[in-house]
Each structure stands twice: as C-alpha cells, then as structure tokens.
Amino acid sequence: MIAFSELPILNLRGKEFRENPNELHDRALSTGRIHRGKHGAEVVSYKLAQELMRDKRLRTNQVSFMNDMGIQGTLTYEFRCRMLVGQGFTQDRTTIRQVFVRHLGPSRAEEMRQTIRVICNDILDGLVAEGKTRGIEFYDDLAVLIPSRLYCHWVGAPKEDAPFVARISDQVLRVFTRDTSFMPSIESGYHELFDYIDAQIADARRNPQDNLLGALIAETDKDVWTEGHLRDFAAMILEASTDNTANQIAMVAAMVLSRPHVWEAVKADPELVPAAVKESIRLHSRSVRATRETLEPIEVDGISIPAGTPVSMVIWAAHRDPTVFPNPDEFDLHRERAPNIQTYGGGVFSCLGQFVAEIEMEEMLRALVERFPNTQMETLETEHDPFVSRVATMKVNLLP
Ligand code: HEM
C-alpha cells in the first residue's frame with residue numbers, strides 16, 4: 001500500500017493546463033488513474049470517476065472553500081450552506097432532490113421542449129427584425145437569452161426580465177472564483193436575487209399559474225417542503241440554470257461550426273442533433289471537474305487516501321479516456337454505445353437541470369441548421385480555470 005502523501009505531485013491546474021489541457025490530460029491518463037494534485041486527489045480515468053462520484057464514502061463539500069474565503073456570516077454563505085450542495089446525505093436533501101426530479105426530470109423536461117423551441121426561434125426572430133445577423137456576439141446576443149428567458153417562463157415573469165436574470169446569475173456565481181474582491185458585488189447580487197424571488201412568489205400566489213414556480217408552490221402547500229425551501233430553491237434555480245447552460249450552448253455551437261463536415265452532416269440529417277450535442281460537450285465541457293471529499297479513509301489502486309481529502313473528478317481528462325472513447329480527438333457522430341458524459345457530475349449530487357439543459361442545446365442547434373444553414377463562425381476565444389470553461393468571445397454570422 002502506498003501512502004497518498006508519498007505520490008509525486010502532478011499539477012493539472014497550472015499554466016500548462018490553461019495553455020494545453022489536452023496534452024496534459026493525455027499524459028496524466030497514460031501514467032495512472034489517479035494522481036496527487038496540489039489540492040488533493042485528481043482522478044483522470046473515466047471509469048474510476050464514475051465509481052467515485054457514486055461512492056457513499058465521498059460527498060460534495062461546497063462549504064469549506066467559503067470557510068477558506070472567510071465569508072462566514074454573509075448572506076452568500078448562509079444561503080449556499082442551505083442549498084443542496086452544502087449538505088450531506090440527509091433526509092432533507094433527499095426530499096428536496098425528489099421535488100426537483102418530479103419537476104425537472106426527463107419526462108417533464110421533454111414536455112418543455114416546445115416552449116424552448118419557441119424561445120429559441122423568438123430570439124432569432126428578434127435578431128432578424130433588428131437586422132442584427134452578422135457579427136453577432138453569440139453568447140450575449142443569443143446563448144445567454146435561452147436559459148434566462150426559460151427561467152422567466154418558469155416563474156411567470158416577462159421576457160424583458162431575462163437580462164436581469166442573466167446578470168444576477170453571472171454576478172453571484174463569481175463566488176466560485178474564490179476571489180474575495182468580488183464579495184461586495186456577490187452579496188448585493190444575492191440581495192437583489194432574493195428581493196426578486198420574493199416578488200415573484202407573492203405575485204404567483206396572487207395570480208396562480210401553471211408553471212414551475214406554481215408547481216413548487218403546490219409542493220409547499222402540500223407540506224412536502226417549507227416556505228424557506230421554496231424561497232431558497234426558486235433562487236437556486238435562477239443561479240444554477242443560466243450561466244452554465246449559456247456557456248455550454250455556445251460551446252456546442254462552436255464545436256459544430258468549427259467542423260464543416262459535422263455541420264453538413266447535421267444539416268443533412270437533423271436526427272443527428274442529439275449526438276452532435278453530446279459529442280460537442282465531450283470535446284469541450286463547461287465543467288472541468290466535479291469535486292468530492294472523502295468521509296473516511298479509502299483505498300484506490302493500492303494507494304491509501306486519508307479521510308477529509310478533496311477528490312476531483314477531472315472531467316476533461318475522463319472525456320478523453322481512450323479506453324472509453326477511442327480516438328478521443330475525433331468528433332464522432334456515431335460512437336457505439338457512447339457512455340454518459342460526465343459534465344453534469346454523477347450519483348446523488350448530479351445536476352438536476354441536465355435534461356432541460358440538453359434540450360436547450362438541441363433546440364438551439366436545430367433552429368440554427370434549419371433557419372441559418374450557411375452560418376459561419378468568425379472568431380472564437382475560450383478561457384478556462386480549474387473548474388469551468390467559458391466563452392470569452394465568439395462572433396458568428398447567421399446566414400440563411
Ligand atoms: C450545461 C448546463 C449545466 C452544467 C454543465 C451543469 C453542471 C453541474 C454540475 C457539474 C453539478 C455538480 C454535480 C456533481 O457534483 O456531481 C451541478 C449541480 C446542480 N445543477 Fe447543474 N449544470 C447545468 C445546468 C443546470 C440547470 C439548467 C439547472 C436547473 C434548472 C441546474 C441545477 C443544478 C442543481 C440544483 C445542482 C445541485 C444538485 C445537488 O447538489 O444535488 N443545472 N450542475
């Protein structure tokens with residue numbers, strides 16, 4: 001048995017990661033399934049990551065990084081501690097997840113497809129009406145509007161609120177940068193967010209509506225969960241549903257547009273849209289890693305890892321694991337028995353919005369190939385930190 005602390009450190013987060021992640025991850029994959037990073041264990045193997053994300057001896061811990069930031073006592077801290085991710089394996093957590101699975105699970109998400117299709121086409125109609133189809137900033141002019149308008153639909157707000165929803169999501173999620181200089185803006189963002197949610201809930205109680213907020217209010221009225229839960233989780237859905245989805249929508253478009261043979265194949269057969277979305281996410285995932293920590297000592301490949309060790313599932317490496325994805329650089333629309341991508345994490349902590357998010361990506365791509373089959377991408381710059389990848393700039397010409 002090898003003590004974890006005796007392993008050499010492999011830095012999967014430094015300059016080399018930012019400049020040439022694929023090469024670094026391929027090297028890590030060729031030398032072991034798990035490595036010691038600067039901040040704990042770094043799992044690069046797809047299969048091992050699948051196992052550990054579902055292992056009850058590990059849990060998420062989104063609280064310790066806030067303790068490290070020293071922001072205890074702030075609204076940000078208190079709210080994030082109450083959220084799903086701040087909790088362990090409690091009955092409360094199970095109840096909350098069950099509520100969300102009922103209202104955002106695969107079949108409910110499928111029922112939202114038509115609404116999402118209308119939103120995508122309405123945004124494109126707006127761009128055409130403004131004569132703004134050339135040189136559009138894909139993220140700001142299109143991608144971010146899809147999830148933020150969907151959120152407005154979910155809470156019965158006018159679509160004009162979408163820029164506010166997008167701005168707040170971006171503002172509060174900066175907490176994940178761990179940069180305390182953002183704290184005043186994050187804290188004021190949460191105050192605005194809760195004022196907004198309170199107003200939406202009050203309005204929905206006065207004028208009951210058949211939407212996601214209405215369904216969450218009905219759960220409260222049936223005593224499935226509390227008023228506090230309703231308020232917190234309506235807020236959580238706002239912050240969780242916009243930023244990640246918008247970035248991944250843009251990256252899907254970028255991956256397909258930068259490969260003319262893929263764009264042509266999808267144009268010729270729109271049935272390939274779901275496969276194109278999955279393969280784009282595999283090649284450029286918004287999430288770079290999913291994190292856990294060990295609740296007790298565990299042993300992996302003859303290495304003993306102590307309790308309390310942070311464990312990262314390096315999604316970008318797992319998505320290039322050649323034992324699972326042969327020829328990982330290839331954009332393959334016909335991968336046989338393609339295994340699940342890991343961009344949404346896994347197990348009882350997995351993303352609750354993944355089914356909706358994927359339909360948003362599919363409907364955006366479908367609308368583009370159907371309405372603007374000669375679309376061209378002019379420029380693309382992405383940047384990534386150890387946790388997420390984002391679009392810095394992406395200029396596109398929408399051409400019919
Ligand atoms: C492409 C878009 C998205 C990506 C890449 C993404 C990614 C993630 C990841 C990596 C996690 C943590 C999973 C883990 O640790 O195993 C997560 C959790 C979560 N996501 Fe998403 N997400 C996306 C969209 C959404 C949407 C649209 C919603 C809401 C409608 C949402 C709601 C949540 C919630 C509530 C959790 C916490 C689950 C829990 O702790 O039990 N996400 N997401």
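## Strands 10 and 11

In strand 11, V391 is the bridge partner of T382. Strand 10 (residues 376–384) and strand 11 (residues 389–397) pair in the antiparallel sense over eight bridges, and a hairpin of four residues joins strand 10 to strand 11. Two strands are said to pair if DSSP finds at least two bridges between them. Strands (E, at least two residues) and helices (H or I, at least four) are DSSP runs, numbered from the N terminus. In general, strands of a sheet pair through backbone hydrogen bonds, either parallel or antiparallel.

The structure is a predicted model, in which local features need pLDDT of at least 70 and side-chain atom pairs count only at pLDDT 80 or more, while totals for chains, interfaces and linings use all residues. Residues are numbered from 1 along each chain as its sequence is written.

Strand 5 and strand 11 pair in the antiparallel sense over two bridges, and E137 has K395 in strand 11 as its bridge partner.

Two residues are in contact if their C-beta atoms, placed from the backbone, lie within 7 Å.

A second open sheet has five strands in the order 2-3-9-6-4, with mixed pairing. Strand 2 (34–37) and strand 4 (58–59) are its edge strands, each pairing on one side only. Strand 2 pairs with strand 3 (residues 40–43) in the antiparallel sense over four bridges, and H35 stands opposite E42 in strand 3. Strand 4 and strand 6 run antiparallel and are joined by two bridges, with L58 opposite T294 in strand 6. Strand 6 and strand 9 also run antiparallel, joined by five bridges; the bridge partner of A290 is M313 in strand 9.

Strand 6 is largely enclosed by the rest of the structure, because five of its six residues are buried. A residue counts as buried if 20 or more other C-beta atoms lie within 10 Å of its own, as exposed if 12 or fewer do, and as partly exposed in between, with C-beta atoms placed from the backbone. Helix 3 (residues 46–53) lies across strand 2, strand 3, strand 4, strand 6 (289–294) and strand 9 (310–314), and runs at about 135° to strand 9.

## Nonpolar cores

In soluble globular proteins, nonpolar side chains tend to be buried together. A nonpolar core is here a set of buried Ala, Val, Leu, Ile, Met, Phe, Trp, Tyr and Cys residues joined through C-beta atoms within 7 Å. The largest such core has 72 residues, of which A250, V252, A253, V256 and L365 touch the most other members. Helix 14 supplies the largest share of this core, 17 residues.

Not counting residues up to four places away in sequence, V252 touches V277, S280, I281, M361 and L365.

## The shell around the ligand

The ligand has 27 residues around it, of which L84, Q248, G345, C351 and G353 come nearest. A residue is near a molecule if its C-beta atom, placed from the backbone, lies within 6 Å of it. Helix 6 (91–104), helix 14 (227–257) and helix 18 (354–371) each supply at least two residues of this shell. Helix 14 gives the largest share, seven residues.

By class, the shell has 14 nonpolar, 11 polar and two charged residues. In this count Ala, Val, Leu, Ile, Met, Phe, Trp, Tyr, Cys and Pro are nonpolar, Asp, Glu, Lys and Arg are charged, and the others, Gly among them, are polar.

## Positive phi values in two loops

R178 lies in the loop between helix 11 (162–172) and helix 12 (183–206). Its phi is near 65°, a positive value in a residue other than glycine. R178 is partly exposed, with 13 other C-beta atoms within 10 Å.

D301 lies in the loop between strand 7 (298–300) and strand 8 (303–305). The phi of D301 is near 50°, a positive value in a residue other than glycine. D301 counts as exposed, because it has 10 C-beta neighbours inside 10 Å.

Methods: Axes fitted to C-alpha atoms, helices over the stretch in contact; angles between N-to-C directions.
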